[in-house]
Amino acid sequence: MKKLLLVVLLIISLLYVYPIIFTFTSSFMSYEEIMSGNIHIIPEEFNLQQYYSIITFKGEYFHYFLNSIKLTSIIIFGQVIIGIFAAFAFAKMDFVARNLIFILYILAILLPFQVTLVPNYLVFDKIQRLINIKIFDTHTAIILPGIFTSFGVILLRQFIRNIPNEIIETAMLDGASYTKILFKIVLPILRPAIFTLIILTFIDNWNLVEQAIIFLDSPSKLPLSVFLENIYYNDFKVFYAGAVLYIIPSLILFIKGEKYLMEGLNIGGLK
Amino acid sequence: MIFESKKYKGLLFILPSLIGFGILYVIPFFGGIKYSVSKSSFNSTFVAFNNYTDVFKNNAFKIALKNTCFFMIISIPVLIVISFVIALMIYELKAPKIVKLSIMLPIAVPSGTVVGFFKKVFGFNGFNLIDSEYAMLVVILIFIWKNTGYNLIIYLAGLSQMDKEVIEASMIDGANYFQRLQYIIIPLFTPINVFVAIVTIINSFKIFKDIYMLQGSYPNPKIYMLQHYINNKFNDLQYEKLTSSAYIFSLMIFVVVFLLFILDKKHAKRVGGN
């Protein structure tokens, strides 16, 4: 019985990786084999034509790749830095209307992106006119809401709350400031949570779609996550190689950081 | 919380986040209400709830609402059950790590990279599910494929923290596996289930990415979702329709999540009362 169930489980896990394997093996097929249209997973012969073509002829591919890297890395950086301070304040400090503000933060992650879309657009419009900088059709329009999503704050707060108050109180008695406590005591404990936040924010923004199709008008500014659609329709013979190159950073980060996710996402917890 | 005297310091720490969050999320959310009760994007005459009632009469909205509800009602419970069963199997059978990793891997796969696969398997001539009236089935499959991993992480973390003694005691009492599941494990998992349900609801909005990458802004009407409707109203500059439908969408979500919280509270009370 146990053996049978284990086999079932193995088959299930194979089904989950199948689309990924299919995409990988298809990237080693020749143009003719890709365009032939029949479904098969093993290439007739191992062929690097697609990769060669992307690297030598399709410089624009890397232009979009860089757009994705730029957007993702700035958003991660901003969200982590701002999130650490805010999460510490929510977890261990007192200020006016703290609980009420935190409820707003929680409600905000429950909302689909589209809900704050237009109002967001109008706020950008006001800012643009007020201080005369261009926001529409620039990466700023994506980066700003990305940095200030409440997800990171909530995730890190749950973690900091578990740090015993006594540790912080003792440090305070020794004359340490909040800033010092945050950097010397909290941050080292917070590492798995920060890695979790980095991984999840990376995955989310590496797959950025909604914001880009609304806020960016110039095709050249699109991240690769959206531009892949264009490759699919206009340059299908190199699509799979393009897809694989785009999956790889995400997969590596995920496999490397999976153990942190187990720790970092465990906020529900059995009480 | 700890040192009352340093109240202003807390504000200092929260300020950068609060300014951005306020300007980009809170103000827009409440600011949108004005548009939802205005005659149009360019005419702010007060029309009370006319836009809300108009939206409900609109065919595209009705289809979008129906599809979104159908998708959520089917896919969320199915995903939760599937991920719980898989988590139990992995835990009880002490499955090799590669099993867990394989099921989690789709989390890291951007929507656009697998359209090649999904279009080929579900969209080729002769067996074209994506353009058929069963397109929602494909969407639900993609959703389950992509999101089992998240829930699996949470469930496996929960299982590893489970009190072994309770389980062993029940085994001595002669309870079989399904009795143990029904009377011990599942009740014990109520708070985790609530958390998983909320995470699943949040992740269910992201299905738009996959549908968009498969079929763009105007997909098969069978998989035309509220997010498509809202985006398209944006492009048509019909902000009053957009905001009113967005608030209807938000209200639906808030109600469901609120009910889940009540369930969680009830459970906590029951456990505390014993």
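Is B:Tyr25 buried or exposed, at 15% relative accessibility? At that value B:Tyr25 counts as buried, where buried means under 20% relative accessible area, exposed over 50%, and partly exposed in between, with a 1.4 Å probe and protein chains only.

Hi everyone, a word on ground rules before the tour. This is a predicted model, so local features need pLDDT of at least 70 and side-chain atom pairs count only at pLDDT 80 or more, while totals for chains, interfaces and linings use all residues. Residues are numbered from 1 along each chain as its sequence is written, chains are lettered from A and ligands numbered from 1 in the order in which they are written, and side-chain values use heavy atoms, with hydrogens and water left out.

Let's start with chain B as a whole. Chain B has 12 helices and 2 strands; these are DSSP runs numbered from the N terminus, helices being H or I with at least four residues and strands E with at least two. From the N terminus on, the order is α-β-β-α-α-α-α-α-α-α-α-α-α-α. The C-alpha trace of chain B spans about 75 × 70 × 30 Å along its principal axes. Of its 274 residues, 56% count as buried. Taking contacts in chain B between residues at least 6 apart in sequence, 73% join residues at least 24 apart, a contact being heavy atoms within 4.5 Å.

Now to where the chains meet. On the chain A side 101 residues are in contact with 93 residues of chain B. The area buried between the two chains is about 9000 Å², and carbon and sulfur atoms give 76% of that; buried area here is the accessible area (1.4 Å probe) that two parts lose on being put together, summed over both. Between chain A and chain B there are 14 residue pairs in polar contact, both residues at pLDDT 80 or more. A polar contact is a pair of N or O atoms within 3.5 Å; within protein, one must be able to donate a hydrogen and the other to accept it, and residues adjacent in sequence count only if both atoms are side-chain atoms. On the side of chain A that touches chain B, helix α1 (residues 2–26) of chain A gives the most, with 16 residues. That side divides into 75 nonpolar, 17 polar and 9 charged residues. For the classes, Ala, Val, Leu, Ile, Met, Phe, Trp, Tyr, Cys and Pro count as nonpolar, Asp, Glu, Lys and Arg as charged, and the others, Gly among them, as polar.

Next, the charges. Side chains of opposite charge can pair when their charged atoms come close. A salt bridge here is a side-chain nitrogen of Lys or Arg within 4 Å of a carboxyl oxygen of Asp or Glu. The count is 11 salt bridges over all chains, and 4 salt bridges are found across the interface of chain A and chain B. B:Lys209 forms a salt bridge with A:Glu210, with the closest N and O atoms 3.4 Å apart. That pair crosses from helix α10 (residues 207–215) of chain B to helix α11 (residues 210–215) of chain A. Both B:Lys209 and A:Glu210 are buried.

Within chain B, B:Lys146 and B:Asp210 form a salt bridge, the closest N and O atoms being 3.1 Å apart. This pair links distant parts of the chain, helix α6 (residues 135–160) and helix α10, 64 residues apart. B:Lys146 is buried at 9% relative accessible area, and B:Asp210 is buried at 9% too.

On to the rings. There are 55 aromatic pairs over all chains. Rings of Phe, Tyr and Trp (its six-membered ring) pair if their centres lie within 6.5 Å; planes under 30 degrees apart count as stacked, over 60 as edge-to-face and the rest as tilted. A:Phe239 and A:Tyr240 are edge-to-face, 5.4 Å centre to centre with 75° between the planes. A:Phe239 is buried at 0% relative accessibility, and A:Tyr240 is buried at 0% as well. Back to our opening residue: the ring centres of B:Phe21 and B:Tyr25 are 5.7 Å apart with planes at 25°, so the pair is stacked. Both lie in helix α1 (residues 7–36) of chain B, 4 residues apart, about one turn of the helix.

Last stop, B:Thr113, in the loop between α4 (97–104) and α5 (115–123) of chain B. B:Thr113 is buried at 0% relative accessibility. Its side chain reaches the backbone oxygen of B:Pro110 at 2.7 Å. Not counting residues up to four places away in sequence, B:Thr113 touches residues including A:Phe239 and A:Tyr246.
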